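Subject: The model with its ligand

Hi,

Here is the structure I promised to pass on.

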Amino acid sequence: MARDLPASIVLASNSAGKLTEVRAILGAIGIEVVPVGQVVSEWSVEETGDTFETNALLKARDLVARVGVPVLADDSGLEVAALGGRPGVRSARYAGAAATDGENVGLLLHEMAAVPEGSRAAAFRCVMALVWPDGGVVTAAGTCPGVISAEPRGAGGFGYDPVFLDPETNQTFAELSAGAKNARSHRRRALDALVAELGGSPASDAGCGRAT
Ligand code: IMP
């Protein structure tokens, strides 16, 4: 069955960083993004899948069954070539089940300490899953290439942003403005693909050099 872009979606995420970014990107094309906390109290799902897609679907399907309106879930993470793709789907829990962003970044830099400049390639990956109450599903993926810096830089963003260098600007995602990160991020690319799959037009980015 052909699907239209919903005018409003609930975001299946407790991450303030993801909410801010998804709101900015979808808000620019007139889609309202409702935080999960506004419709359900204390929502969480165990991410037992071993792919971003499985986990995105797990989260979206769990929440749509509770709220009965279209739900968007984002599962994302960092893959580092020198670490065989780690932390990957375990990015949020890399340094332990309740690890903070700082602890995860600290462990990553420790594991990368002996890896020379030139071998520090990485990619942020994101899968978005949009699920309707009748069970309809659309998924889309986005990837953003980068390099792991020697030390954290910048105060913006969240998660691994302070150590993820954008090769184009040589700034970390935590040093870029929110608009510049949103113009090139894995999340942006996945959302653009999702919107295109549903026949919509992604937002334009006057002046912020959107990556392709
Ligand atoms: P999950 O999608 O909830 O499993 O967790 C995603 C984890 O990947 C976050 O907790 C961050 O550690 C990391 N991550 C995902 N997207 C980003 C991003 O845009 N910047 C920095 N870290 C990210």
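In this predicted model, the side chain of K181 puts an N or O atom 2.7 Å from an oxygen atom of the ligand. R187 does something along those lines with a nitrogen: an N or O atom of the R187 side chain is 2.8 Å from a nitrogen atom of the ligand. Then there is D75, with a polar side-chain atom 3.2 Å from a ligand oxygen. As for how covered the ligand is, on its own it would expose 490 Å², and the protein buries 91% of that.

Where does the ligand sit? In the largest pocket. There are 17 residues around the ligand, and the ones that come nearest are K18, E47, D161, K181 and R187. If you sort that shell by class, you get eight charged residues, five polar ones and four nonpolar ones.

β3 gives the most, with four residues.

Now the fold as a whole. The protein has five helices and seven strands, and along the sequence they run β-α-β-α-β-α-β-β-β-β-α-α. The C-alpha atoms fill a box of roughly 50 × 40 × 25 Å along the principal axes. The radius of gyration is 17 Å, which agrees with the value near 17 Å for a compact globule, because that is what the rule gives for 212 residues.

Two backbone details are also worth a look. Most peptide bonds are trans, and most residues other than glycine have a negative phi. The bond between R86 and P87 is cis, with omega at about 0 degrees, and P87 is in the loop between β3 and α3 (101-111). E42 isn't a glycine, yet its phi is positive, near 60 degrees; you'll find E42 in the loop between β2 (32-35) and α2 (52-67).

Over to you!

Cheers

Methods: Residues are numbered from 1 along each chain as its sequence is written. This is a predicted model: local features need pLDDT of at least 70, side-chain atom pairs count only at pLDDT 80 or more; totals for chains, interfaces and linings use all residues. Side-chain values use heavy atoms; hydrogens and water are left out. A residue is near a molecule or strand if one of its heavy atoms lies within 4 Å of it. A polar contact is a pair of N or O atoms within 3.5 Å; within protein, one must be able to donate a hydrogen and the other to accept it, and residues adjacent in sequence count only if both atoms are side-chain atoms. Accessible areas come from the Shrake-Rupley method with a 1.4 Å probe; for residues, only the protein chains shown count as cover. On a 1 Å grid over the protein atoms alone, a cavity is a set of points where a 1.4 Å probe fits but cannot get out, and a pocket is an open set with protein on both sides within 12 Å along at least five of seven lines; lining residues have an atom within 4 Å of a point. A molecule sits in a cavity or pocket if more than half of its atoms lie within 2 Å of its grid points. Helices (H or I, at least four residues) and strands (E, at least two) are DSSP runs, numbered from the N terminus. Ala, Val, Leu, Ile, Met, Phe, Trp, Tyr, Cys and Pro count as nonpolar, Asp, Glu, Lys and Arg as charged, and the others, Gly among them, as polar. The radius of gyration is taken over C-alpha atoms; the globule rule is 2.2 Å times the number of residues to the power 0.38.
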